[in-house]
Amino acid sequence: MSLQKLLSLWRDDPETAPNLPVWRTTPPRAPDLIRFPSDLPKVLAESLIAHGINSLYSHQVRAWESVRRGENIVLATGTASGKTLGYNLPILAALLKDQDTRALFLFPTKALAQDQLAGLNTFQSSIENLKPAIYDGDTPASHRSAIRKNGNIIFTNPDMLHTGILPHHTNWDHLFRNLRFVVIDEMHTYRGVFGSHVANVIRRLNRVAEYYGARPQFILTSATIGNPQELASRLIELPVTLVDEDGSPRGERHFLVYNPPVIDPALGIRKSSTQESIRLAQDLLAQNLQTVVFARSRRSVEILLTYLQGNREKAGPEFTRSNPPPHSTIRGYRSGYLPSQRREIEKGLRDGSIRLVVATNALELGIDIGGLEAALLVGYPGTIASTWQQAGRAGRGNDPAVAVLVATANPLDQFLAHHPDYFFARSPEQALVNPDHLLILLNHLRCAAFELPFQPGEGFGDLPAEKLKEFLDFLVDSHVLHLSGDKYFWMADAYPAAEVSLRSASPENVLLHIEDGSAPRILGEVDLASAAWMVHPRAIYLHEGQQYFVQELNLDRNTATLIPVALDYYTEPLRQTEIKLLATLESTPCPAPIGTGEACTKSYGDLKVITKVTGFRKRAWLGGENLGEEPLDLPPSEFQTTGYWLTLSDLTIATLRESGNWTNDPNDYGHGWSRLRDAVRLRDDYRCQVCGAVESGNRQHDVHHKEPFRQFRSLVEANRMDNLVTLCPTCHHKAEANLRMKSGLAGLAAVLGQLAPLFLMCDIGDLGVYADAASTVFGNPSVVIYDEVPAGIGFSQKLFEIHSELIKRALELVEECECEDGCPSCVGPAGENGVGGKQEVLAILKRLVT
């Protein structure tokens with residue numbers, strides 16, 4: 001009854017109830033049970049009955065029937081719906097019939113593999129020849145030979161398959177000769193760059209299996225996404241049967257969205273989501289409800305944990321607590337913890353001794369942590385699938401449970417708080433992979449050639465033989481492969497898989513060296529494209545909870561030197577971006593909703609992106625206060641990718657200009673501006689009036705309007721000497737950020753960039769956003785959203801296809817925001833003393849929506 005007591009408290013609490021715009025209650029659901037299939041082996045039936053299972057859910061039976069017919073299937077049912085049993089039963093039945101049968105189980109994490117192995121071991125007393133084993137980076141070297149020889153169900157992950165199994169397939173000949181089944185669990189995690197790599201690993205797996213005479217059957221599982229069947233087919237490049245009618249029982253479920261109250265209506269500033277999450281978590285603890293709190297980053301986990309454990313010395317005075325529970329009942333869980341620590345925490349959750357755990361998405365996947373009563377999500381997890389995975393950690397079987405999503409000020413959080421149907425209707429998310437991404441494909445062709453020479457007329461998955469030959473000839477010309485007769489051979493000593501990361505499209509990496517007085521050692525690596533903003537000089541780099549200060553970044557040797565530190569701030573890179581159009585692949589005019597004429601043109605195509613990290617900002621570890629900025633002098637980086645862009649028509653610009661909703665035109669300071677500028681600099685003795693820097697010979701200082709130029713109706717008033725001041729470039733940039741008038745185009749770029757991930761099932765960091773107000777790239781003012789992955793992964797074409805939906809949802813988000821003139825929750829804020837662009841953005845969107 002503690003849960004019902006808490007829900008009643010929240011319904012009546014004046015501090016909580018007004019901030020719950022969404023409260024959906026799903027009634028209990030009875031199970032759809034079916035008797036054991038007639039062809040289920042007796043020994044399996046007896047084992048199930050011994051464990052209290054006397055019938056199967058309908059989706060488990062359908063999976064059984066489909067697999068027994070030889071079909072590849074994807075099981076896409078809810079969290080804790082028994083998907084594991086759905087794929088274990090047909091594989092165990094095949095093993096009972098033929099003891100030489102082999103199966104390969106792929107899990108995205110080592111912890112999940114450990115958990116699933118424990119579940120399968122419950123059948124060992126019934127099946128004499130069942131020999132499951134884990135083969136991953138933690139497997140002791142002394143055990144590996146026996147596992148290769150005797151294991152008949154191998155639990156591993158894509159990385160180990162890529163580097164530890166396929167390149168050494170001759171040591172696994174018994175596995176590959178008898179490989180009947182491949183299970184790909186949590187398939188929805190294989191998307192974007194990672195998914196495109198995994199699709200190529202599957203191509204290599206099928207190629208090696210075929211060499212040994214095997215054609216395995218695939219069983220995949222997935223969380224709820226918009227295209228599970230399509231994604232499964234793209235990953236394995238075979239027809240797939242979808243099983244998605246969930247027959248498992250479910251207790252009453254409450255799903256709440258808590259939107260922190262607005263504390264500054266004019267600026268649209270809301271109360272801290274972290275602060276409010278801590279208050280709600282304390283309510284859950286007070287009712288002794290076992291709870292998981294999900295945070296989006298390792299840093300957030302540690303901050304929340306500090307507050308909830310009552311460590312006020314570190315946390316600060318604003319979160320005082322009375323009678324805090326013992327620290328041992330409140331734990332953290334994230335990457336960087338030792339495996340033994342994580343197993344201990346999982347055990348504590350199962351036996352109830354741990355009452356609250358603060359975790360990253362490391363606990364999101366199907367690790368058995370028992371039946372928790374509540375899940376608290378601090379911020380939108382990034383995808384709807386992840387939202388339901390995290391919410392589904394609360395409640396097992398017929399027990400009631402509650403999940404609360406605490407919205408942050410992020411525009412996507414605010415959009416979903418106002419449009420909860422996105423959670424409850426069919427998921428709009430489309431998981432995308434591109435196995436033929438050029439850089440990724442070439443890397444895996446190198447790996448495949450090491451494993452087996454390419455034969456004449458051979459394809460590679462769905463890649464036809466004639467296209468494959470072009471790529472192989474390119475690798476021959478690059479002295480990577482050797483053509484002997486009509487076969488292509490690997491020609492180096494080292495095996496290439498060791499140099500290919502499944503999580504990056506970049507073929508080059510920067511090694512991170514630690515120098516702390518002891519012997520130098522390697523911490524890890526980052527891809528070359530990310531090095532300038534992740535490990536630039538004086539950056540704070542986080543690795544497994546430890547801070548490192550970057551002393552040097554050497555791009556000639558592709559190394560960075562770091563030292564461990566304990567500082568009270570973190571760093572954010574400051575970047576400038578330039579876009580160049582290489583080719584337009586498709587372009588379509590979009591009509592205006594009112595009257596006649598064209599509102600804009602939507603396009604997608606190939607772009608060159610040139611990025612330069614110009615400096616970095618320091619922010620306080622607690623509270624995020626801006627502690628200042630420092631400049632950097634780094635070379636620009638560039639890559640080719642794909643982008644989607646919308647270009648405003650001349651008619652739209654004219655219409656906006658006439659209505660006073662267009663501030664993107666360049667400022668005209670008048671004919672005498674040059675002389676006036678020189679007079680101001682002379683008056684100020686050619687010194688920056690903020691930092692005192694003197695002009696250098698190669699760069700004159702800037703002259704800045706104290707009150708924004710656009711706020712004046714008269715040139716004379718705007719250009720008064722007392723409104724002008726000399727500033728160096730650095731101080732001028734800071735002043736502009738503080739006093740800027742946010743243009744409608746910049747605001748439009750901000751809101752579209754924030755909303756796009758909702759439809760693409762990607763992280764916001766997978767996309768770059770650029771506002772071309774000067775019309776230098778596309779002829780007219782444009783907003784560009786581009787793939788941050790070299791050569792693109794398919795996001796841009798998808799955005800081109802859903803252009804109308806994206807514009808419509810952006811208009812809804814901006815209209816519904818409670819701020820007066822732009823805020824972090826919609827078009828982005830103006831400077832501290834500046835003018836926002838909300839009205840301009842609304843005018844543009846109303847012109848574009850169809």
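Two strands count as paired if DSSP finds at least two bridges between them. Helices (H or I, at least four residues) and strands (E, at least two) are DSSP runs, numbered from the N terminus. The model is predicted: local features need pLDDT of at least 70, side-chain atom pairs count only at pLDDT 80 or more, and totals for chains, interfaces and linings use all residues. Residues are numbered from 1 along each chain as its sequence is written, and side-chain values use heavy atoms, with hydrogens and water left out.

- Strand β19 (residues 481–484) runs antiparallel to β20, and four bridges join the two.
- Leu483 has Tyr488 in β20 as its bridge partner.
- Two residues lie between the strands of this hairpin, in which Gly485 takes a positive phi near 70°.
- In a regular strand, side chains alternate between the two faces of the sheet.
- Buried here means under 20% relative accessible area, exposed means over 50%, and partly exposed is in between (1.4 Å probe, protein chains only).

**The seven-stranded sheet**

- Strands of a sheet pair through backbone hydrogen bonds, either parallel or antiparallel.
- Seven strands form an open sheet in the order β6-β7-β5-β8-β9-β4-β10, and their pairing is parallel.
- The edges are β6 (132–134) and β10 (241–243); each has a single partner strand, so one side of each is left without a neighbour in the sheet.
- Neighbouring strands of this sheet are turned by 20° against each other on average, direction ignored.
- Such angles run from 0 to 180 degrees between N-to-C directions, with axes as lines fitted to C-alpha atoms, for helices over the stretch in contact.
- β6 and strand β7 (residues 153–156) run parallel and are joined by three bridges.
- Within this pair, Ala133 stands opposite Ile154 in β7.

**The five-stranded sheet**

- An open sheet of five strands, with mixed pairing, has the order β22-β21-β25-β24-β23.
- β22 (521–527) and β23 (540–543) are at its edges with a single partner strand each, so one side of each is left without a neighbour in the sheet.
- On average, neighbouring strands here are turned by 35° against each other, direction ignored.
- Six bridges pair strand β21 (residues 509–514) with β22 in the antiparallel sense.
- Asn509 stands opposite Asp527 in β22.

**Helices**

- Thr652, Ile653 and Leu656 are buried in helix α21 (residues 650–658).
- Seen down the axis of α21, these buried residues fall within an arc of 95°, so they line one face of the helix.
- The arc is that of the directions from the helix axis to the C-beta atoms.
- Asp650 and Glu658 are exposed on the other side of α21.
- Helix α12 (residues 298–308) has as its buried residues Val301, Ile303, Leu304, Leu305, Thr306, Tyr307 and Leu308.
- Gly310 follows α12 and has a positive phi, near 80°.

- Most residues other than glycine have a negative phi.
- Ala80 has a positive phi, near 60°, and is found in the loop between β4 (73–75) and α4 (83–97).
- With 39% relative accessibility, Ala80 counts as partly exposed.
- Ala791 also has a positive phi, near 75°, in the loop between β33 (782–787) and α27 (795–801).
- The relative accessible area of Ala791 is 36%, and the residue is partly exposed.

- The structure holds one cavity of 30 Å³ or more.
- A cavity is a set of points, on a 1 Å grid over the protein atoms alone, where a 1.4 Å probe fits but cannot get out; lining residues have an atom within 4 Å of a point.
- About 60 Å³ of space lies in the largest cavity.
- Its lining is made up of Val262, Gly268, Arg270, Gln414, His418, Cys817, Glu818, Cys819, Cys823 and Ser825.
- The residues of this lining divide into four nonpolar, four polar and two charged.
- Ala, Val, Leu, Ile, Met, Phe, Trp, Tyr, Cys and Pro count as nonpolar, Asp, Glu, Lys and Arg as charged, and the others, Gly among them, as polar.
- Val257 and His418 are 161 residues apart in sequence and 9.6 Å apart in space, C-alpha to C-alpha.
- Val257 is found in strand β11 (residues 253–258) and is buried, at a relative accessible area of 1%.

Methods:
1 Å grid on protein atoms, 1.4 Å probe; cavity = no way out; pocket = protein on both sides within 12 Å on 5 of 7 lines; lining within 4 Å. Points joined across faces, edges and corners; volume = space filled by probe spheres on them.
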